[in-house]
Amino acid sequence: MLSVPSTSPFSETFAHPGDPLPAHLERVAQRAAAGIAPTARAEIRAIALVAGLFHDLGKATPWFQDYLLRSGRRSVLSHHAETGALLVWWYTAELGWPLWQRLAAFIAVRRHHGALTFQEWPQLLELMRLEFHDPDCPLRTQLAAMDLGGIHQWLATIAERHPHQGLSAAPAPLTVETIEASLRDRQALGSKLRNAFGPVDDALAMLAGFGALLTVDKTDAALQGGQITRQTLPAAAVTVHKQRLWGQNGDQRHRSGAGSALDQRREQIADTVTRTWLEHLNAPLLTLTAPTGAGKTLTVLHAALQVRDQLDQRHGSAPRIIYCLPFTSVIDQNHAVFRAVLHSNQLTDREDLLLKHHHLTDSLFRTEDAEYQADGAGQLLTETWQSELVVTTFHQLLHSLLSPRNANLKRAGQLTGALVLLDEVQALPLRYWEALRQLFIAAARTLGTRFVLLTATRPLIFQPDDAVELLPDHDTHFRAMTRTRLCTHHREPLDLETFATRLTVDLTRQPRAVLIILNRRRAVRALFDALRAAVPDRPLVALSTDLTPLDRRARIRLIQRLLRQGQPVIAVTTQLVEAGVDFSFPIVHRDLAPLDSIIQAAGRCNRHGENGTAPGEVHLWQLQANKPDGTVGETQWRRVYDSALIEVTVDTLGTADTWDESAFLDLSLDYFRGCRARQDQQRVDEQLARGDLVGVERDFQLIEERPTVSLFVARTPADATLWAAYRTVRDDPTLTPSEQDRHFRPIKRAFYERVIQIQAQAATGLDRHAVNRIDAGPDTYDRAAGFIGLPGEEATCIL
């Protein structure tokens, strides 16, 4: 016979040792609701509030209390999410909520410890209803043993204590029978339930309320009932920063000399952007189209700080600023700019002010009063964006909504009311443009989020009437640009060996700094070797993902230092330098690529007008591979870029031998119109509306992934020590996966700073499900150029 522990009065139950359950539920509910911005739909705040009240209510069973307080055994009867979900389904019927909102609260409570791994929103409720038909269902046993009368009285007290939050005293009695009756409610049966969620707006509202609950519940536990206090960012922070820079370099810094006209134009652009945004304070969708090197980073930060201040005065709540970039490789640079702005305003390095978040973030989290370590609350505070200014990737932003995983969804509530700035937005895959357009429009309408798309090439993600352009006269600024001239040589393909010979002649005749951007890592290595032999006296740097992230950053700093010194450095790179890396070369060579990439490459040429009146030279080629037998292979863009994008590029450039920078905007518009006409659109937003988040995550891939193998490159004794620490954790059979993750977390960033990816077919015999080690050496890894090959094999071909 089943042994039932004695039932405790609800008022005497606990959520955690020393934390009374009623107090915990009310605290989480109030904080979750408060975390939803005033500009978001009121239903989201209600979902967060009610889900917070019920999320741990199932802990009031005697079995859970026995487990928690008296080291009782875990069993199906000590589970709590299912019971809380049943109770919230009953309560939301008492509130008279519409079906979709009831379902949203039910799912939030039911899955606050799990992922949303189902195909349609009603699926969890239908399974629970089926389960409850069984007279011996554990849920019935749990409910019968709970102090339902005490819970009912507590709900009435909560409603009285918070009269303006739309809660009900629940006049109907709370019994097993009334709960069962709520499951039989004809209003929630059949097609009505299956069609409860309407447009994608309802799905986003559900995810935001769910995310707010996850954030508060997890941080409440990690901080033992505490929370991170919101901070103030000075609206004039960028102005103060610029004044400090001018003071350090003279009042006329950037006001005289070759760069004066460009710097005056940058200030004009900044003033226009801020004024336009403040004039359109209620506009949810905005674009900022400005030439490369126009100072968009500081310009948009200044405008966002001004808007944040105005919205704070209007609503009593300052929106978070979330600055997004396509790749982790450029986050450090932008983060450093923002950190310098804060330093100029006497604000110290603290993550509650400025936070960097990507998959390799250290996760140390500092406030004015405390420091939270990566292996403790630091990771959670980082992953839930408990900061005023967040610098992150497109992946982290979009998967806050387009993922079934709690690890991602716990940020969804932080998007409400936020100012989301997406830089280098042309990097978003064209096939998702319409889905992202619908997602941004719905998020603006539902979450109160404001989106700004920043670009120099103006991809057609938004339709003409969707958004406000923050630089209305951008075409004037583009047409005034004379920094670069694109010289087209691409109509006749050229093999890599011949290109290297021509390049050597030019480099010998003209000792100027040169940037060469190629499409494949193997081509970078081949050209690097050829130039190292041909011009041994010139500083030469290779840059590709064949280098570890640690060595890549060191190479970028080296190139920047040589450029500042006026050295005739030759940089041979892949396209990783195009999205925001602050290089400025007098001459750039680019292998054929989609036109937006070509224009981004041109943004690394004469960026600050260093050439004076003479334009920088951007040379466009179509390079072919050289096969080992000496014959010419396929063009280098194949298997890297979609052929349709190259066809549109070639058509757009036409037969002209040169294009001046002043024509780049018109070229971009023609190019994107052609691309949009040829590219089928994937509508992941429709899957989101159905509740198929597993399908969304499967089908929404920002980067085309190919099978790869991970290699840890050991160059120094310190690297070997790091590898040993990794193996100690990985090979310990006594550790669970979560314990392994916790032990690995303090060294995670340092470890992956030394990891590269190679194609799986080039790594026969290596473990594809773990990180493998290679020792750097003349036949394996060269710090100057990166990966060469695996031990005991010939040089490996990497695309």
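Author: Let's start with a term: a nonpolar core is a set of buried Ala, Val, Leu, Ile, Met, Phe, Trp, Tyr and Cys residues joined through side-chain atoms within 4.5 Å. Keep in mind that this model is predicted.

Reader: Thanks! How many residues does the largest nonpolar core have here?

Author: It has 211 residues, and F54, L116, W121, W277, L398, L422 and L688 are those with the most contacts inside it. Helix α11 (residues 200–222) gives the largest share, 12 residues. There is also a second, separate core of 23 residues, which includes L507, L531, V572 and I587.

Reader: Which residues does F54 touch, not counting residues up to four places away in sequence?

Author: Those are G84, L87, V88, Y91, V109 and L155.

Reader: Now to the helices. What describes two packed helices?

Author: The angle between their axes and the distance between the axes. Take α2 (residues 42–54) and α5 (residues 99–110): their axes come within 9 Å and cross at roughly 40°. The two are therefore oblique to each other, and the crossing is right-handed. On the α2 side the contact uses E43, A46, I47, A51 and F54, while α5 brings W100, Q101, A104, A105, A108 and V109. By type, these residues are nine nonpolar, one polar and one charged.

Reader: And at what angle do α1 and α2 pack?

Author: At about 165°, with the axes of α1 (residues 21–34) and α2 7 Å apart. Angles over 145 degrees count as roughly antiparallel, so α1 and α2 are roughly antiparallel to each other. Their crossing is right-handed. Among the residues in contact are L25 and V28 of α1 and L49 and L53 of α2.

Technical notes:
Residues numbered from 1 in each chain as written. Predicted model: local features only at pLDDT ≥ 70, side-chain atom pairs only at ≥ 80, totals over all residues. Heavy atoms only, no water. Buried < 20%, exposed > 50% of the residue type's maximum accessible area, 1.4 Å probe, protein only. Helix = DSSP H or I, 4+ residues; strand = E, 2+ residues; numbered from the N terminus. Contact = heavy atoms within 4.5 Å. Axes fitted to C-alpha atoms, helices over the stretch in contact; angles between N-to-C directions. Parallel < 35°, antiparallel > 145°, perpendicular 65-115°, else oblique. Left-handed = near helix turned anticlockwise from the far one by under 90°. Nonpolar A, V, L, I, M, F, W, Y, C, P; charged D, E, K, R; others polar.
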